[in-house]
Each structure stands twice: as structure tokens, then as C-alpha cells.
Amino acid sequence: MTKKIYILNGPNLNLLGKRQPEIYGHDTLADVEASCRKVADEFGLDCVLLQSNHEGAIIDWIHAAREDGAGIVINPGAFTHTSVAILDALNTFEGPVLEVHISNVHKRESFRHHSYVSLRAEGVIAGFGVEGYALAMRRMGSLLG
Ligand code: DQA
């Protein structure tokens with residue numbers, strides 16, 4: 001069976017391309033999905049990109065990934081810095097978890113410097129713009145290959 005990667009996105013990322021483009025750029029989440037699918041095809045992986053502004057929805061998708069997901073790429077948005085519940089959910093998932101931030105969170109406000117998700121993630125990409133997602137998918141390909 002083709003291995004499926006869940007690409008999960010947290011609050012406000014539905015506005016990607018419109019929201020603070022000086023920080024997050026002009027590409028949309030649809031562009032991100034297209035670039036991830038390209039890499040997934042290259043590695044013979046399947047992928048699904050999901051976004052929610054609600055913490056519980058993200059937790060439910062992590063639970064779904066427990067059933068049929070081989071890996072998770074996650075940009076939890078602001079939940080990165082606040083959500084023990086997302087960390088707990090990720091700790092129930094057995095495959096690789098890669099954390100992506102479009103901006104370089106370490107160059108920004110100090111409250112963005114701490115990530116609960118990093119306690120679980122195999123790797124973290126920050127500050128590579130939306131290209132970070134495709135890089136994470138590439139890494140997923142080599143971890144699962
Ligand atoms: C973000 C960084 C977070 O601090 C912020 O709350 C976001 C996006 C990023 O991709 O750079 O919503 O995760």
C-alpha cells in the first residue's frame with residue numbers, strides 16, 4: 001500500500017498568500033499542496049494537506065494518521081507555542097513527525113522561540129519560506145524509503 005503523509009496546518013494558515021506576505025510570502029496553501037504532491041510523486045508517496053483553525057480538528061487528524069498515516073509534516077501555527085494537547089496527540093503517533101515553520105521563528109518574538117511540538121519532532125525546518133514543506137517531504141521520503 002502507498003504510504004500516506006499527513007501535512008497538517010494550524011490556525012491562520014488558510015490565509016497564506018494574503019496574511020502578512022512580508023513574513024509568509026505570496027504563495028497559497030494550494031501552491032504548497034502542489035509542491036508537496038510533486039515531491040510525494042517522486043518518492044512514490046501519497047499525501048493529504050489539511051488546515052484548521054481549531055485545535056481539536058488537528059488532534060483528530062493526528063488520530064486519523066495513527067490509522068493510515070506513515071508520517072506527519074506539521075505546521076501548527078501559533079499552537080506550536082501553546083498546545084500540550086497537540087504534543088500529546090503526536091506522542092501517540094508512531095511514524096516520523098517533521099515540524100515546519102515558514103518564518104524563522106527564532107528571529108521573531110521570544111514567545112515563538114519555544115515549541116511543544118519540537119519535543120516530538122524528528123526534525124524542524126524554519127525560515128525557508130513555503131519551500132520548507134517540500135524539503136520536509138523530501139526528508140520524509142528518505143526516512144520512509
Ligand atoms: C508559523 C510561526 C508561528 O509562530 C505563527 O504563529 C504562525 C506561523 C510559521 O509558519 O512561520 O502562525 O508557524
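A residue is taken as near a molecule if one of its heavy atoms lies within 4 Å of that molecule. The model is predicted, so local features need pLDDT of at least 70 and side-chain atom pairs pLDDT 80 or more, while totals for chains, interfaces and linings use all residues. Residues are numbered from 1 along each chain as its sequence is written, and side-chain values use heavy atoms, without hydrogens or water.

Around the ligand stand Arg19, Tyr24, Asn75, Gly77, Ala78, His81, His101, Ile102, Ser103, Val105 and Arg112. By class, this shell holds four nonpolar, five polar and two charged residues. Here Ala, Val, Leu, Ile, Met, Phe, Trp, Tyr, Cys and Pro count as nonpolar, Asp, Glu, Lys and Arg as charged, and the others, Gly among them, as polar.

Polar contacts are pairs of N or O atoms within 3.5 Å. A polar side-chain atom of Ser103 lies 2.6 Å from a ligand oxygen. For His81, a side-chain N or O atom is 2.7 Å from an oxygen of the ligand. For Asn75, the distance from a polar side-chain atom to a ligand oxygen is 2.8 Å. The protein covers 99% of the 320 Å² of accessible area that the ligand has on its own (Shrake-Rupley method, 1.4 Å probe).

The ligand takes the space of the largest pocket (more than half of its atoms lie within 2 Å of the grid points). A pocket is an open set of points on a 1 Å grid over the protein atoms alone, where a 1.4 Å probe fits, with protein on both sides within 12 Å along at least five of seven lines; lining residues have an atom within 4 Å of a point. The lining comprises 15 residues, of which Arg19, Tyr24, Asn75, Gly77 and Ala78 lie nearest the centre.

Key
A polar contact is a pair of N or O atoms within 3.5 Å; within protein, one must be able to donate a hydrogen and the other to accept it, and residues adjacent in sequence count only if both atoms are side-chain atoms.
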